[in-house]
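Student: Can you take me through this model? I'd like to begin with the overall layout.

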Amino acid sequence: MYNIQGYFEAETVKEAVDLLAANPNLVVIAGGTDVLIKMHHGQIEKAELLSIRKIKSLEGIEKLEDGTVTIGPLTTFTQVANSPVIKENIPVLAEAALSMGGPQIRNVATIGGNICNGATSADSASTLFALDARLKLQSPQGERVVPIQDFYLGPGKVDLKPAELLTGILISPENYQGYAGHYIKFSMRKAMDIATLGVAVLCKLKEGRLFEDVRIGLGVAAPTPIRCPEAEAFARGKDVSRETIAEIGKLAVKATRARTSWRASKEYREHLVEELTQRALKAAVLKAGGGEVA
Ligand SMILES: Cc1cc2nc3c(=O)[nH]c(=O)nc-3n(C[C@H](O)[C@H](O)[C@H](O)COP(=O)(O)OP(=O)(O)OC[C@H]3O[C@@H](n4cnc5c(N)ncnc54)[C@H](O)[C@@H]3O)c2cc1C
């Protein structure tokens with residue numbers, strides 16, 4: 001059932017990446033809510049596991065002097081949702097974190113595991129896309145920082161080099177200050193479920209009546225999470241109105257590459273993108289101090 005061939009624990013990032021370099025077959029485990037399910041279902045037949053849970057430097061959320069918010073990959077969804085730094089500065093990320101799983105899963109599952117599993121349905125991903133988050137990665141060769149958009153390569157595939165660990169998620173002040181956001185997770189049932197579609201919208205208003213900037217991050221609308229560049233470009237400088245928002249919803253669909261699965265047809269997902277982008281944007285406008293758009 002769980003064919004665990006070996007189990008290692010690292011207490012520092014250096015120890016972890018050195019162990020990974022010495023044994024390329026090691027599978028990193030953080031909360032284990034994906035890795036262990038895959039082992040249970042036979043998607044990972046047998047593995048030697050490297051637990052990173054004891055690496056203290058990978059935990060927690062901080063706001064640096066320059067306003068950058070840093071999130072350690074081992075931070076659980078419960079910690080993200082309850083973090084005063086997140087609630088005060090980036091409340092839309094707390095919303096997304098709360099929509100994930102149920103309380104037991106949120107207490108164990110980490111935000112780093114959510115990103116590194118490469119799932120388009122990952123509840124943190126669409127919001128982190130909209131926030132232009134950057135990822136800090138460490139290997140024995142050194143450190144690199146990549147935009148989250150470049151990290152996702154395909155379904156379940158991310159740009160983790162051999163012996164590399166995700167060590168931080170960075171959100172710069174220019175990507176959250178002055179913005180209000182809203183996350184909608186649409187799933188087929190109200191109880192714990194994976195998203196049929198995830199929509200994260202951020203907006204910044206000018207004088208409460210013009211869109212200065214709009215950002216749309218979508219999950220499950222393509223093989224990876226995506227942004228909607230055409231809809232975002234159209235929005236800039238436009239008045240906040242029902243017509244503008246309707247057009248943004250239509251243009252958002254152009255960025256998608258939805259497919260039919262047992263959860264929903266391609267057409268239904270496209271309908272959801274158009275409708276839920278509008279709903280999320282209307283909610284974000286209200287939070288940004290604009291009026292209600294009927
Ligand atoms: C019942 C249930 C409900 C769920 N509901 C949801 C949901 O609603 N929304 C959602 O998005 N997900 C959901 N999930 C999926 C899962 O819980 C999340 O993806 C979770 O965030 C994974 O985190 P983890 O710490 O458990 O990852 P793990 O299982 O430990 O790891 C996941 C992957 O990331 C790699 N990894 C982890 N950390 C690092 C790191 N720092 N550096 C490099 N690689 C790393 C691992 O090697 C593995 O490939 C659910 C899972 C279960 C079992």
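This is a predicted model: local features need pLDDT of at least 70, side-chain atom pairs count only at pLDDT 80 or more; totals for chains, interfaces and linings use all residues.

Student: Which domains is the protein chain divided into?
Tutor: Domain 1 (4-51), domain 2 (56-174) and domain 3 (178-287), with bounds from an automatic or database domain assignment. The C-alpha centres of domain 1 and domain 3 are 36 Å apart.

Student: Where does the ligand lie?
Tutor: Between domain 1 and domain 2, because both give residues to the shell around the ligand.

Student: How many residues surround the ligand?
Tutor: 30, the closest being Gly31, Thr33, Gly113, Asn114 and Cys116. A residue is near if its C-beta atom, placed from the backbone, lies within 6 Å.

Student: And which element gives the most to that shell?
Tutor: α7, with four residues. Helices (H or I, at least four residues) and strands (E, at least two) are DSSP runs, numbered from the N terminus.

Student: New topic: at what angle do α11 and α12 pack?
Tutor: Helix α11 (residues 242-254) and helix α12 (residues 266-287) pack at about 140°, and their axes are 8 Å apart. Axes are lines fitted to C-alpha atoms, for helices over the stretch in contact, and angles run from 0 to 180 degrees between N-to-C directions.

Student: What is that orientation called?
Tutor: α11 and α12 are therefore oblique to each other; under 35 degrees counts as roughly parallel, over 145 as roughly antiparallel, 65 to 115 as roughly perpendicular and the rest as oblique.

Definitions and conventions. Residues are numbered from 1 along each chain as its sequence is written.
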